[in-house]
Structure formats: structure tokens, C-alpha cells
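Please examine the sequence and the three-dimensional structure shown below. A series of questions and answers follows.

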Amino acid sequence: MRAWFRTLVAVCAGTVVLAAAGCGGAESNGDPAPATQQPQGLAEIDPCTLLKPEELTSLGFETSGEPDTGITSEPGCRFNGRPFRATFSKNQEKSVESYGRQDNWAKFDRVEVDGRPAASAIDKSATQARICSALFDAGGGVIIIDVSEFRDQGLDECAEALRIAETIAPRMPR
């Protein structure tokens with residue numbers, strides 16, 4: 001009877017060990033526990049921090065921007081400066097391609113920034129205001145940089161917007 005009792009104790013101990021190994025580890029379906037979710041796309045991108053303070057200064061902008069919530073699907077940040085003013089925005093639902101299909105453009109030149117689809121664009125309503133936009137795809141959405149001259153000095157807002165885009169793009173998610 002002693003041999004039978006030892007076998008029973010060994011079987012029970014083995015069952016306890018196997019049951020304990022299953023607790024708190026992998027999920028019951030055999031899949032490992034999910035890793036901590038990383039932010040996706042542009043959700044965590046703050047338009048007020050797209051440029052570093054020293055970059056803002058070197059471009060002639062004040063280092064603190066003002067949040068721009070005028071278009072809810074395009075949260076942004078406005079920066080004053082000389083000779084340019086700028087607004088940096090993001091749209092998590094559109095792309096350069098979808099913006100290009102809109103009929104509101106006086107100019108929509110497709111280019112590439114950091115190996116990404118991009119555009120230099122002027123809205124029909126902004127031709128007299130000397131406002132130019134640079135757009136580039138990032139994180140499943142698009143980053144938009146609107147640049148305008150403080151006073152018309154004959155400068156190239158589109159070239160400035162693209163220069164800013166080229167500074168920002170390498171740090172943005174693909």
C-alpha cells in the first residue's frame with residue numbers, strides 16, 4: 001500500500017505543478033500575453049513640438065506656438081516669426097493623395113520629402129494672401145505646414161514650407 005500511496009502523492013504533486021504553471025502566464029488559448037501597445041501613427045504627435053526650439057529660432061519663429069483648433073480633424077500649432085508665420089497641422093485620416101484629389105487648389109505640385117509622397121500647394125483662396133502649404137505623408141496620415149509672409153517681401157513661401165517639411169519628416173513615423 002505504501003507504493004500505491006507514493007504514486008498517488010507523485011501524481012497529485014505533478015498535477016499541482018502543471019496547474020500552477022498555467023496560472024498568470026500565457027493566455028488559455030496558448031497565445032502569449034499581448035505586449036504593451038505602442039502609439040500608432042500621428043496620434044501622439046503634438047504639432048507644437050514638430051520643430052525643436054533651436055530649429056524654430058534658426059527659422060525666425062518664436063519658440064512657443066499657440067494651439068490651433070480651428071479644424072477639428074487637423075489639430076495644429078501657429079508660430080509667429082519674421083519674415084514668415086507658420087501653422088503646423090496633422091490629419092490622421094487623409095494622405096497627400098487624397099488632398100490632391102480636392103478641387104480647391106490653385107497649385108498642387110507633387111514632390112518627395114524624405115522619400116515620402118509630398119506636395120507643395122496653394123489653395124485658390126490663398127493666392128493673394130501669399131500662403132503656401134507643404135504636405136507629406138507620415139504615420140498613416142499627413143503633416144501640413146502652412147507658411148505665409150509677415151509682409152509681402154517677394155520671398156518664396158513654398159520653398160520655406162518645403163524646407164521646414166524636410167526638417168520635420170525624418171523624425172515622423174512612416
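**Reading the fold**

Q: Does Cys 158 count as buried or exposed?
A: Cys 158 has a relative accessibility of 10%. Buried means under 20% relative accessible area, exposed over 50%, and partly exposed in between (1.4 Å probe, protein chains only). Cys 158 therefore counts as buried.

Q: What pLDDT must side-chain atom pairs reach to count in this model?
A: Residues are numbered from 1 along each chain as its sequence is written, and side-chain values use heavy atoms, with hydrogens and water left out. The model is predicted: local features need pLDDT of at least 70, totals for chains, interfaces and linings use all residues, and side-chain atom pairs count only at pLDDT 80 or more.

Q: In what order do the helices and strands of the protein chain follow one another?
A: The chain holds four helices and seven strands. Helices (H or I, at least four residues) and strands (E, at least two) are DSSP runs, numbered from the N terminus. Read from that terminus, the order is α-α-β-β-β-α-β-β-β-β-α.

Q: Which strands stand at the edges of the sheet?
A: The seven strands form an open sheet with antiparallel pairing, in the order β1-β2-β3-β7-β6-β5-β4. An edge strand here has a single partner, so one side of it is left without a neighbour in the sheet. The strands in that position are β1 (66-68) and β4 (105-113).

Q: How many bridges join β1 to β2?
A: Two strands pair if DSSP finds at least two bridges between them. The number of bridges joining β1 to β2 is three.

Q: How many residues of β7 are buried?
A: Strand β7 pairs with β3 in the antiparallel sense over eight bridges, and Val 142 of β7 stands opposite Asn 91. It pairs with β6 in the antiparallel sense, also over eight bridges, with Ile 144 of β7 as the bridge partner of Leu 135. Strand β7 is mostly covered, and the number of its nine residues that are buried is eight.

Q: What is the phi of Gly 139?
A: Strands β6 and β7 form a hairpin with two residues between them. Gly 139 lies in the turn, and its phi is positive, at about 55 degrees.

Q: At what angle does α4 run to β7?
A: Helix α4 lies across β3 (84-91), β4, β5 (116-123), β6 and β7 (141-149). Axes are lines fitted to C-alpha atoms, for helices over the stretch in contact (heavy atoms within 4.5 Å). Angles run from 0 to 180 degrees between N-to-C directions. The angle of α4 to β7 is about 140 degrees.

Q: Which parts of the chain does the pair Cys 132 and Cys 158 tie together?
A: A disulfide, defined as a pair of cysteine sulfur atoms within 2.5 Å, joins Cys 132 to Cys 158, with S to S at 1.9 Å. The torsion about this S-S bond is about 100 degrees, so the disulfide is right-handed. The pair ties together parts 26 residues apart in sequence, namely strand β6 (residues 131-138) and helix α4 (residues 157-168).

Q: What is the S to S distance between Cys 48 and Cys 77?
A: The torsion about the S-S bond of Cys 48 and Cys 77 is about 95 degrees, so this disulfide is right-handed. Cys 48 lies in the loop between α1 (2-22) and α2 (53-58), and Cys 77 lies in strand β2 (residues 76-79), 29 residues apart. Both cysteines are buried. Their S to S distance is 2.0 Å.

Q: Which residues does Glu 55 touch, leaving out those up to four places away in sequence?
A: Glu 55 is found in helix α2. With 16% relative accessibility, Glu 55 counts as buried. The residues touched by Glu 55 are Thr 167 and Arg 171.

Q: How are the rings of Phe 61 and Phe 88 arranged?
A: Rings of Phe, Tyr and Trp (its six-membered ring) pair if their centres lie within 6.5 Å; planes under 30 degrees apart count as stacked, over 60 as edge-to-face and the rest as tilted. Phe 61 is buried, as is Phe 88. Their ring centres are 6.5 Å apart and their planes stand at 85 degrees, so the pair is edge-to-face.

Q: Which residues form the aromatic cluster?
A: The count of aromatic pairs comes to three. One aromatic cluster is formed by Phe 61, Phe 79 and Phe 88.
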